[in-house]
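I opened this notebook to record what I looked up, entry by entry. The structure comes first, then my notes.

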Amino acid sequence: MIARPWIRPPIALLAWLAAAWFAVSACSPSSRGGDAPSGERLKVVTTTTMLTDLTRSIAGDALEVEGIMAPGGDPHLYQPTPGDAKRIARADLVVTHGLKLEGWIDDLVRNAGGDAKVVVSTEGIKPLKDPTRTNYPDPHTWQDVALWQVQANNVRDALVELDPANADRYKARAAEYVKELEALDGWVKEQVARIPEGSRVLVTSHDAFQYYGARYGLEVVAVQGISTESEAGARDVARIVDLVKGRGLPAVFVESSVSPKLIEQISRETGAEVGGTLFSDSLGAAGTPGGTYTGMIRENTNRVVGALSQATARAPKDP
């Protein structure tokens with residue numbers, strides 16, 4: 001595995017993004033920071049598609065919630081745009097994931113200006129560690145529905161602080177959302193338990209499912225590392241091929257925001273089927289089954305359980 005650290009966008013680029021925004025906004029009467037004018041909703045900007053869905057679920061129509069990233073985007077590799085600087089400069093609150101997922105967000109906020117408060121939704125969560133890098137967290141906490149409840153409560157608290165007049169509304173909506181997550185968490189456990197024990201191995205493109213595996217009882221093996229910025233080499237592919245053959249695994253999985261080429265190669269070389277496309281770092285398009293957080297988790301679980309429990313396991317290769 002060739003691990004590359006996240007490459008920060010050049011300061012000059014970020015300064016240009018901010019300058020491009022201020023050049024436009026200087027003539028605009030709508031540019032502002034701080035409290036919203038009477039009758040105008042407060043503005044919240046979120047980074048990932050998962051956080052956008054979460055924040056909208058709690059805020060309802062009381063706040064204007066706008067996400068930086070679009071469905072299918074990769075937060076590890078994202079490059080900010082002048083439009084992002086504009087969103088940040090106008091925001092009253094910025095909701096981030098943290099755990100070094102969005103390595104670009106701090107510079108974007110600093111260079112965009114404005115006076116938005118920045119909230120890290122993973123505050124209080126003890127993360128898993130990236131096994132390939134020292135003191136580097138695994139940021140993919142959303143794959144554990146129990147941890148997503150923690151993030152929901154953190155976002156709730158941030159919205160209450162931002163807009164105390166609607167505090168009761170946010171608390172009630174958050175309570176309903178967490179109740180839904182509790183039921184989803186139990187459902188995932190029940191579904192994964194249907195997979196034969198010998199097939200409870202999730203082989204994916206990049207290492208985004210360790211929290212899912214730890215919570216729901218699956219061994220997780222990936223071709224690439226925690227970040228999609230890491231590059232898989234021939235040894236990584238050979239390692240996975242040997243594992244799939246040696247254990248007779250029935251299926252491997254591609255991801256919606258990662259190239260499928262390596263997993264497809266492993267499928268060809270082992271005879272294991274491609275069990276489906278999993279949502280890893282982004283939700284699906286709006287209006288599709290994977291277009292919400294709860295829908296994403298259900299879609300992933302159905303595909304994993306279906307492929308690993310219904311496919312006929314091949315006989316393991318003799319050592």
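**Entry 1: the whole chain.** I count a contact when heavy atoms lie within 4.5 Å. Among contacts between residues at least 6 apart in sequence, 69% join residues at least 24 apart. The model is predicted: local features need pLDDT of at least 70, side-chain atom pairs count only at pLDDT 80 or more, and totals for chains, interfaces and linings use all residues. Residues are numbered from 1 along each chain as its sequence is written, and side-chain values use heavy atoms, with hydrogens and water left out.

I looked up the secondary structure next. It comes to 10 helices and 8 strands. These are DSSP runs numbered from the N terminus: helices are H or I with at least four residues, strands are E with at least two. Then I checked burial. Buried means under 20% relative accessible area, exposed over 50%, and partly exposed in between, with a 1.4 Å probe and protein chains only. Of the 319 residues, 53% count as buried.

**Entry 2: helix 2.** Is helix 2 mostly covered or mostly open? I found it mostly covered, with 9 of its 11 residues buried. The buried ones are T49, M50, L51, T52, D53, L54, T55, I58 and A59. What do they pack against? I listed strand 1 (43-46), strand 2 (64-67) and strand 3, along with helix 5, helix 6 (167-192) and helix 10 (293-310). After helix 2 comes G60, whose phi is positive, near 60°.

**Entry 3: the largest pocket.** I had to settle the term first. On a 1 Å grid over the protein atoms alone, a pocket is an open set of points where a 1.4 Å probe fits, with protein on both sides within 12 Å along at least five of seven lines; lining residues have an atom within 4 Å of a point. Grid points are joined across faces, edges and corners, and the volume is the space filled by probe spheres set on the points.

The largest pocket has a volume of about 230 Å³. It is lined by 13 residues, and the closest to its centre are T49, T52, R56, P71 and G291. Which element gives the most to this lining? Helix 2 (residues 49-59) does, with 4 residues.

I sorted the lining by type. Ala, Val, Leu, Ile, Met, Phe, Trp, Tyr, Cys and Pro count as nonpolar, Asp, Glu, Lys and Arg as charged, and the others, Gly among them, as polar. The lining divides into 6 nonpolar, 5 polar and 2 charged residues.

Where does the largest pocket lie? Domain 1 (43-188) and domain 2 (195-311) both give residues to its lining, so the pocket lies between them. The domain bounds come from an automatic or database domain assignment.

Entry 4: I found H97 in the loop between strand 3 (93-96) and helix 4 (105-112). H97 has 1% relative accessibility, so it counts as buried. Leaving out residues up to four places away in sequence, H97 touches T47, L51, E102, V120, S121, T122, P139, T141, W142 and Q151. A polar contact is a pair of N or O atoms within 3.5 Å; within protein, one must be able to donate a hydrogen and the other to accept it, and residues adjacent in sequence count only if both atoms are side-chain atoms. The side chains of H97 and T141 make one, at 3.3 Å.

L99 lies in the loop between strand 3 and helix 4, and K100 lies in the loop between strand 3 and helix 4 too. Phi of L99 is near 55°, a positive value in a residue other than glycine. K100 is not a glycine either, and its phi is positive at about 65°. Are they buried or exposed? L99 is buried at 17% relative accessibility, while K100 is partly exposed at 48%.

**Entry 5: A91.** I found A91 in the loop between helix 3 (82-90) and strand 3. A91 is buried, at 0% relative accessibility. Beyond residues up to four places away in sequence, A91 touches K43, V45 and A116.

**Entry 6: N154.** N154 lies in helix 5 (residues 145-162). At 19% relative accessibility, N154 counts as buried. Which residues does N154 contact, its neighbours within four places aside? I noted S121, T122 and E123. A polar atom of the N154 side chain lies 2.9 Å from the backbone oxygen of E123.
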